[in-house]
Amino acid sequence: MKPNPKDFRVDALSKLRGEARYIRDERILGLWHGLTVRSPHPRARIISIDFDDAFNWQNVTFVTAQDVPNNYVAMIEKDMPVLAEKIVNYVGEPVALIAAPSPELAMEAREHLHVQYKPLPFIDDPLQAEQSDIKLYGSNNVFKEIRIERGDLDEAEKTADKVVELEVRTGFQEHVYLEPQGMIAIPENNRIVVKGSLQCPYYVKNALNEIFKGLRDITVVHATTGGAFGGKEDFPSLLAAHAALLAYKSGHPVAIFYDRREDIQFTTKRHPSVSKNKVYVDAEGKLVGLDIEFYLDSGAYVTLSPVVLARAALTISGCYYIPNVRIVAKAVATNTVPSGAFRGFGGPQAIFTMEMIMEELAQKLKMDAHRVREINLIDEGQTTATGQVLKYSVSNKQTFYDVLERSNYQQKLNKYRQWNEPILERLKQGRYPKRHPDDVLKGIGLSVFLHGAGFTGGGENRIKGKLRIEINDNGQPVIYSAQTEMGQGQQTAFRKILADALAVDIEQILLADVNTDLVPNSGPTVASRSTMVVGSLITDIGQEMIKKFLEELKQEYGFPFEYRTGYFYGGDMVLPFRQVAQKHAGLIFEKEYRHPPFIKFDEQNWKGDAYPVYSWAAAVAETEVDPITFNIKVTRYYTTHEIGKAINYDQSIAQIQGGSLQGIGYAIYEKLERQNGHLNVHGFVDYIIPTTVDMPFMDIKILENPYPFGPFGAKGLGELPLVGAAPAVVSSLRMIFSLPINKIPVMPEDLFELAQILRKNGGQP
Amino acid sequence: MIVSFKVNGRQVDLDIDPRKRLLDVLHDDLQLISVKEGCGEGECGACTVLFDGQNVNSCLVPAFQADGHEIVTLEGLKKWPGFSTIERAYLEHGAVQCAYCLSGFVVSTVAYLKNQTEQTVNEDQVKYALAGNLCRCTGYTKIVEAVKDLAEHEKLKELFAEDWPYER
């Protein structure tokens with residue numbers, strides 16, 4: 001379906017014509033090239049860093065820990081050094097930086113810089129971290145522990161008819177933004193200007209302010225960004241620090257552009273998770289208790305792990321009503337590249353865990369997978385594990401029933417079971433499984449998921465995002481925000497929100513370039529918050545603007561005016577918005593965000609409104625598995641998303657399509673493992689993401705159940721589509737084999753093993 | 001070494017380092033910024049250009065191999081009257097997001113449309129024609145829909161036959 005022309009993206013034409021300038025397309029006179037010298041060891045003591053006398057170091061600048069004014073990257077904590085000084089804690093940890101007028105000379109210089117290490121024992125299993133004698137953080141290597149408790153598990157144990165236990169695991173995932181990380185730093189008198197591919201200009205500015213405290217002022221400029229998905233949330237602070245240090249020491253503008261290999265191996269990943277789960281149910285399959293011990297493998301430094309952990313812990317039980325809950329969640333340290341932000345931010349791990357619990361229950365209770373979900377779905381007025389009463393825009397059941405109906409789930413489930421029977425029978429008997437070339441196993445599965453919009457807990461009230469809108473000389477409102485376009489359509493959405501609030505054309509609204517000298521800190525572009533949180537400031541200011549102009553007009557003409565569809569009506573006068581606004585050129589409107597006052601969260605005890613509101617979704621995936629090669633193909637993917645209000649309908653569909661495929665990749669294509677402290681991928685040759693040939697037929701529906709405090713009722717969307725795709729796919733595979741699959745990614749070899757179990761045990765695990 | 005080739009219809013003679021890739025020469029030396037590096041190993045297609053009318057990954061072509069050949073990048077496609085139709089299809093289908101992959105997709109789209117001879121369009125053909133271009137934002141659906149629409153566009157065939165400004 002083609003979109004309404006009003007929904008065309010404002011950035012589309014310059015991108016289609018190849019004219020948009022990404023950071024690698026900048027031309028800067030006298031630009032030097034920087035590179036990073038990295039640790040080859042997962043953990044080691046740095047003995048010495050020596051500079052070869054045989055090399056002429058005159059034309060080259062190098063930086064080591066000694067050159068860093070304040071050697072830490074300020075995020076939640078200050079534990080991560082800009083450059084390792086005494087100890088390296090992961091393979092690829094930056095130890096030194098080199099810059100030279102050409103990349104070739106910089107590479108030559110690297111050959112003459114010798115770092116001697118004494119390798120040390122290291123941690124590579126998150127489940128061993130707490131007991132390990134090796135201390136990476138505090139006394140027990142736990143970056144953060146969260147306990148969420150509700151009701152009484154002993155009571156649950158007494159009343160339960162059945163107890164089911166299982167372990168669930170999720171793997172690393174790499175963002176694979178198509179544009180690798182890149183940053184340029186330019187020294188200017190007392191200032192360093194940093195420009196790059198990034199999500200959160202003020203994160204970078206704050207980190208550099210601390211490093212160069214009192215030495216240099218910092219300006220951060222956002223370049224056209226070629227995808228991010230969270231990968232350019234926290235990591236650019238480190239990369240910008242590197243580029244800035246080289247610029248500071250050399251006096252030249254310096255670029256650091258990662259190639260794909262460096263990017264994939266040494267930048268943040270999605271946290272792997274491991275959980276031990278115990279679930280109590282009554283005779284009908286209703287959940288009476290849930291006991292979860294949940295670990296996030298967080299890598300060597302804290303980065304954003306405590307908040308990723310919080311979102312995971314708060315999301316796990318979100319879609320179901322469970323009276324007795326204990327969630328103990330820990331972010332633990334390992335000697336691995338730090339895990340960081342990634343679309344979903346703990347949500348995908350949590351939802352996969354919970355959905356596999358539901359799958360396991362269905363199997364143990366001999367119920368259909370959708371039925372056990374159906375009877376436990378949480379609804380409006382019920383309370384979550386933190387005691388939050390769901391009041392606004394609750395659509396858990398609506399999305400669930402909608403997707404089952406649209407996908408014809410029940411009928412297909414019966415049909416595919418019958419279809420698979422003879423093929424499975426042949427597999428069990430060890431016979432050749434195919435009678436016809438199209439004898440493939442057909443699966444259908446589902447998932448139910450949610451995503452809390454905006455920051456977790458009191459985050460929004462702490463950050464107090466500020467927005468400014470100014471009227472320019474032409475009478476056009478210009479939005480000044482720190483929100484960044486990285487492909488998701490933020491520029492179009494913001495202009496459209498204000499255009500709709502003022503009932504004028506989108507061309508009447510302008511957006512300022514994102515530069516920390518110009519725009520206020522409206523908060524980072526993360527957590528599916530831009531549209532809902534910052535967007536609500538836009539509509540608020542829009543209303544304020546009209547009110548202000550109405551007052552001014554009354555003052556000027558002596559009679560009241562009314563504003564309708566872009567015009568001010570008063571007496572026999574009709575004045576277009578722009579004409580009135582032009583008289584007020586230079587006028588500034590500012591607003592700071594606060595949650596509605598009744599949203600309260602206690603961060604000590606993890607009680608209350610974890611998020612002001614949730615977006616809801618459900619998905620059905622259909623798969624085909626070849627019974628000989630066990631190749632997996634997702635053939636159809638249905639999903640229903642309830643997002644309050646689609647600000648740009650077409651691009652909302654686009655977000656769901658892209659996020660869903662990224663989630664399908666997470667389920668069955670994207671495998672990245674740690675071997676002896678090293679990540680075992682090098683690029684797109686061995687890290688496989690879906691191509692056009694792998695895309696399923698997608699059938700997407702958006703429901704709108706407005707949230708009263710979002711712009712036009714909008715809630716968050718960006719992350720949600722990814723969150724529930726993997727469990728739907730795995731649910732379909734479990735449906736085929738009727739055996740537990742409690743980990744992602746699922747590879748053909750895993751299904752081959754299941755087929756071996758079928759063969760040996762006639763289907764019993 | 002000196003290499004001579006045609007880029008977007010213009011003859012260029014360059015003295016280049018023989019280790020350079022065609023991608024480096026196009027993006028860095030000739031400032032054709034639509035040619036993007038996404039992986040440097042021929043997997044992602046962001047650096048796709050037409051090499052004698054065929055879509056190739058310019059990161060896998062040593063620059064000297066272009067000697068005597070004809071290269072067309074997205075910048076060159078804009079000189080062809082059919083380009084606005086292609087651009088419009090991508091725009092109308094909402095197939096643009098971060099767009100780092102996009103010029104590669106557009107070049108592959110043109111290569112497919114120009115070289116396809118089948119009477120009927122099927123979706124699998126389109127998917128295979130674009131399988132060498134990776135995208136992480138869109139999930140491909142809107143891109144494939146746009147290209148399917150274009151493949152059914154009668155006027156484009158004429159524009160290829162009569163107004164294609166390049167030799168191949």
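1. Across the interface of chain B and chain A the rule finds 5 salt bridges. One of them links Arg17(A) to Glu87(B), where the closest N and O atoms are 2.7 Å apart. The model is a predicted one, and the distances quoted in this note are to be read with that in mind.

2. The side of chain B that touches chain A draws two or more residues from each of six named helices of chain B: helix H1 (22–29), helix H2 (74–77), helix H3 (83–92), helix H4 (102–115), helix H5 (123–129) and helix H6 (141–151). By class, that side of chain B has 22 nonpolar, 10 polar and 14 charged residues.

3. On the extent of the interface: 46 residues of chain B and 54 residues of chain A take part in the contact. Chain B and chain A bury about 4,400 Å² between them, and carbon and sulfur atoms account for 59% of that area.

4. Turning to the sheets of chain A, an open sheet of 3 strands has the order S4-S2-S6, with antiparallel pairing. Strand S4 (87–88) and strand S6 (113–119) of chain A each have a single partner strand and stand at the edges, so one side of each is left without a neighbour in the sheet. Strand S2 (residues 44–51) of chain A pairs with S4(A) in the antiparallel sense over 2 bridges. In this pairing Arg45(A) stands opposite Ile87(A) of S4(A).

5. Strand S15 (residues 324–332) of chain A is mostly covered, with 8 of its 9 residues buried. Strand S7 (residues 142–150) of chain A pairs with S15(A) in the antiparallel sense over 8 bridges, and Arg147(A) stands opposite Val328(A) in S15(A). Strand S14 (residues 287–297) of chain A runs parallel to S15(A) and is joined to it by 9 bridges. There, Leu296(A) stands opposite Ala331(A) in S15(A).

6. Val281(A) belongs to strand S13 (residues 273–281) of chain A. Its relative accessibility is 0%, so Val281(A) counts as buried. Leaving aside residues up to four places away in sequence, Val281(A) touches Ala160(A), Asp161(A), Lys162(A), Lys286(A), Leu287(A), Val288(A), Leu361(A) and Leu365(A).

7. Two residues of chain A other than glycine have a positive phi and may be checked together. Phi of Val176(A) is near 55 degrees; this residue is in the loop between strand S8 (162–170) and strand S9 (182–188) of chain A. Phi of Ala503(A) is also near 55 degrees, and Ala503(A) lies in the loop between helix H13 (490–502) and strand S19 (510–511) of chain A. Buried or partly exposed: which applies to Val176(A), and which to Ala503(A)? Val176(A) is buried, with a relative accessible area of 0%, whereas Ala503(A) is partly exposed at 36%.

8. A cis peptide bond, with omega near 0 degrees, runs from Ile744(A) to Pro745(A). Pro745(A) is in the loop between strand S31 (743–744) and helix H19 (748–761) of chain A.

Note on methods
Residues are numbered from 1 along each chain as its sequence is written. Chains are lettered from A and ligands numbered from 1 in the order in which they are written. This is a predicted model: local features need pLDDT of at least 70, side-chain atom pairs count only at pLDDT 80 or more; totals for chains, interfaces and linings use all residues. Side-chain values use heavy atoms; hydrogens and water are left out. Contact means heavy atoms within 4.5 Å. Buried area is the accessible area (1.4 Å probe) that two parts lose on being put together, summed over both. A salt bridge is a side-chain nitrogen of Lys or Arg within 4 Å of a carboxyl oxygen of Asp or Glu. Helices (H or I, at least four residues) and strands (E, at least two) are DSSP runs, numbered from the N terminus. Ala, Val, Leu, Ile, Met, Phe, Trp, Tyr, Cys and Pro count as nonpolar, Asp, Glu, Lys and Arg as charged, and the others, Gly among them, as polar. Two strands pair if DSSP finds at least two bridges between them. Buried means under 20% relative accessible area, exposed over 50%, partly exposed in between (1.4 Å probe, protein chains only).
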